[in-house]
Amino acid sequence: MASEINSKNVVVLGTGGTIAGTAATAADHTGYTAAQLGVQQLLGAVPGLQDALQGHTLVCEQVAQLDSKDMDHATWQALAVRCAHWLAQPDVRGIVITHGTDTLEETTWFLQTVLAPAKPVVLTCAMRPATALVPDGPQNLLDALTVVRDPLARGVLAVCAGSIHGAREVRKVHPYRLDAFSSGEAGPLGWVEQGQVRWAGRRAPGESAHPNATRALAGAVANWPWVAVLHSHAGADARQVQSLVSAGVKGIVLAGTGNGTVHKALLAALLEAQAKGVTVRLITRCAQGQIVGQPAALQAAPAGLNPYKARISLMLDLLD
Ligand code: SIN
């Protein structure tokens, strides 16, 4: 793949995932190993890529090679730093990132909140390994390359199964089917159809960078504050909170039931944790909607985030 810079560069960063996964047989969609093929190999497997690029040049870089269930803060930081580097090049139009589906929504939100890029950064993925009889990775990658070149694309986006999702809303909603992502009530930002982007008309919210973004990119990730996610549920036990506090947790995102209600055993322990200096944020565990009003004596997390994205935002809030 050509690597010299020209005015039509698109950067493709590989991080692993099922899109780069291989199985022993073409029929195996689940017993594969993620993160086996390099980003150059993924691009090499896209039929008609050069024609579709319409003169744009690709610059490839393998930033990581992992199953995204194992995503960690150091990889996030390295990825964000590489994105910042490439986005600052005037000749770079945008970035495509190949990623596993399992934590794609978290990486998408992390990058949006630390970079808030004006140029597009498009994450894509696959639900089937590259060795499948009919893999979905090549089409998803081609669609992502279409979106990143679209004049209206900006900010961090996710592209899967022909839909374009915004960083705040996107979440994985299915463990197996190809169309595994949803933007919930908001709906997708658009679609890729036959190599053309059709925007839904709704724009991604103009998210600004987190005030601690520079610290997140520069400091040692070992110093990032420990923020845990807990869920309220039948039979919830205060010891979940107490053991986290004893172990030194700095923040807790509590995914409450329904409209942010919290099991009484947990609530008492969370209020005690707050009194000891732990920051607690409340969110709903419901897959759609957000907390309305003030249902518990706990501060709500930013609207529209799921618990795992709220964890990222609280971690950045607590970074010093
Ligand atoms: C991963 O998240 O890296 C593996 C699962 C997937 O990509 O679908």
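This is a predicted model: local features need pLDDT of at least 70, side-chain atom pairs count only at pLDDT 80 or more; totals for chains, interfaces and linings use all residues.
Confidence comes first. The protein has a mean pLDDT of 95, and 98% of its residues are at 70 or more. The exception I want to mention is residues 1–6, where pLDDT stays under 50. The model still has 18 contacts beyond four places in sequence for that stretch.

Next, the domains. The domain assignment gives two entries: domain 1 covers 9–199, and domain 2 covers 225–317. Their C-alpha centres are 30 Å apart. To the contact, domain 1 contributes 15 residues and domain 2 contributes 16 residues.

Now the helix pair. Two packed helices are described by the angle between their axes and the distance between the axes. Here the helices are H7, residues 239–246, and H8, residues 264–275. Their axes come within 8 Å and cross at roughly 20 degrees. Angles under 35 degrees count as roughly parallel, and H7 and H8 are therefore roughly parallel to each other. The crossing of H7 past H8 is right-handed.

Which residues in H7 and H8 meet? From H7 there are Gln 240, Val 241 and Val 245. On the H8 side they meet Leu 266, Ala 269, Leu 270 and Ala 273. By class, the residues of this contact are six nonpolar and one polar, with no charged residue.

To recap the pair: H7 and H8 run roughly parallel, with a right-handed crossing. That is what I have for today.

Methods
Residues are numbered from 1 along each chain as its sequence is written. Side-chain values use heavy atoms; hydrogens and water are left out. pLDDT is the predictor's confidence in each residue, from 0 to 100. Contact means heavy atoms within 4.5 Å. Axes are lines fitted to C-alpha atoms, for helices over the stretch in contact, and angles run from 0 to 180 degrees between N-to-C directions. Helices (H or I, at least four residues) and strands (E, at least two) are DSSP runs, numbered from the N terminus. Angles under 35 degrees count as roughly parallel, over 145 as roughly antiparallel, 65 to 115 as roughly perpendicular and the rest as oblique. A crossing is left-handed if the near helix is turned anticlockwise from the far one by less than a right angle, and right-handed if clockwise. Ala, Val, Leu, Ile, Met, Phe, Trp, Tyr, Cys and Pro count as nonpolar, Asp, Glu, Lys and Arg as charged, and the others, Gly among them, as polar. Domain bounds come from an automatic or database domain assignment.
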